[in-house]
Amino acid sequence: MLFKIGFLPITFIDVIDVLIVSGMFYYLYLFLKGSVAIRMIIGLLVILFVSVIGEIFNMSALSWIMSSLKTVWVLAFVIVFQPELRRLLIFIGQNPIVRRFMRVGDLKFIDYIMEATLELSKKNFGALIVVARDMSLKSIVETGVTLQAQISTQLIASVFNPRSPMHDGALVIQSDVVLAAQCILPLSQNPDIDPALGTRHRAGLGLSEQSDAFVIIVSEETGMISYAENGKLVRGLTESLLRKKLDDIYSAKPREKKFVFNFASNV
């Protein structure tokens with residue numbers, strides 16, 4: 001026993017327990033901060049508060065309604081927060097400690113993606129490149145034109161050439177294979193998204209909210225490179241920052257820098 005609070009003894013295990021639970025709630029708050037889910041949680045807390053008031057003041061009708069809902073609370077929670085729960089599990093799975101136990105294959109395809117992205121950015125060709133990871137994107141692939149082609153810098157760049165009939169939509173890549181082009185992605189419904197962002201950025205963000213895919217977006221207006229991951233959009237990337245991000249995601253060893261290109265900080 002470390003100390004007492006009144007008649008309550010506090011042990012070392014109790015302190016560890018409180019720290020772990022506090023950390024879990026803190027990181028859960030950071031994960032959900034700014035999303036639609038945080039508003040739904042506030043709504044649920046308000047409902048819970050109303051039910052407590054009903055119990056305290058013996059409001060029979062209100063108490064009966066709330067007690068009847070208790071049987072479906074867990075199911076309703078899973079349904080309402082399904083996208084956020086999926087993102088949370090993806091976030092945990094991407095933790096470096098967890099990924100240390102996962103085998104990583106050949107990452108040469110990252111070089112091709114980098115080369116093509118830089119070329120498209122330099123020419124101000126809009127692009128939406130989806131790098132599939134663990135979750136299946138079959139439903140997304142089926143909306144586009146099937147390619148099943150070996151990945152290359154030239155192939156990626158040619159797809160997003162404005163003269164190409166497939167330049168609209170997203171290109172989906174799985175390791176070293178280009179699965180499909182001209183794919184349709186779900187648009188983000190996040191009300192806090194910058195209204196200045198166009199459909200391309202909203203589509204990339206939307207897919208990242210529903211899957212573990214890593215989405216690279218090139219602005220047609222400015223050539224700025226952005227990426228969407230886990231429901232978050234990061235804009236204004238330099239070549240070195242994008243390469244570092246890709247290497248970190250796939251646990252690749254640092255590689256020699258091959259390209260030098262700076263991007264604007266504002267769209």
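Let us start with helix α10, where the buried residues are His201, Ala203, Gly204, Leu205, Gly206, Leu207, Ser208 and Glu209. Buried here means under 20% relative accessible area, exposed means over 50%, and partly exposed lies in between (1.4 Å probe, protein chains only). Helices (H or I, at least four residues) and strands (E, at least two) are DSSP runs, numbered from the N terminus. Helix α10 covers residues 199-210, and its twelve residues reach 17 Å from the first C-alpha to the last, close to the 16 Å expected at 1.5 Å a residue. That expected span is 1.5 Å times one less than the number of residues.

A word on the model itself: it is predicted, so local features need pLDDT of at least 70 and side-chain atom pairs count only at pLDDT 80 or more, while totals for chains, interfaces and linings use all residues. Residues are numbered from 1 along each chain as its sequence is written, and side-chain values use heavy atoms, with hydrogens and water left out.

Now turn to strand β6 (residues 177-183), where five of the seven residues are buried. Which strands pair with β6? Strands count as a pair if DSSP finds at least two bridges between them. Strand β4 (residues 145-150) runs antiparallel to β6 and is joined to it by four bridges, with Val145 standing opposite Ala181. Strand β5 (residues 170-174) also pairs with β6 in the antiparallel sense, over four bridges, and here Gln174 has Val177 as its bridge partner. Two residues separate β5 from β6 in a hairpin, and Ser175 in the turn has a positive phi of about 55°.

Next, look for the largest nonpolar core, which has 29 residues; Ile113, Ile156, Phe160, Leu171, Ile173 and Phe214 touch the most other members. A nonpolar core is a set of buried Ala, Val, Leu, Ile, Met, Phe, Trp, Tyr and Cys residues joined through side-chain atoms within 4.5 Å. Helix α7 gives the most to this core, with seven residues. Contact means heavy atoms within 4.5 Å, and Ile173 touches residues including Ile113, Ile129, Ile156 and Val178, not counting residues up to four places away in sequence.

Phe125 sits in the loop between α7 and β3. Is Phe125 buried or exposed? Phe125 counts as buried because its relative accessibility is 18%. Leaving aside neighbours within four places in sequence, Phe125 is in contact with Leu120, Phe160, Asn161, Pro162 and Val218.

Finally, consider charge. Side chains of opposite charge can pair when their charged atoms come close. A salt bridge is a side-chain nitrogen of Lys or Arg within 4 Å of a carboxyl oxygen of Asp or Glu, and by this rule the count comes to seven. In one of them, Arg243 meets Asp111, with the closest N and O atoms 3.1 Å apart. This pair links distant parts of the chain, as Arg243 is in helix α11 and Asp111 is in helix α7, 132 residues apart. Arg243 also forms a salt bridge with Glu239 (3.3 Å, N to O). Glu239 and Arg243 are separated by about one helical turn because they are four residues apart in helix α11. Salt bridges that share partners join Asp111, Glu239 and Arg243 into one network.
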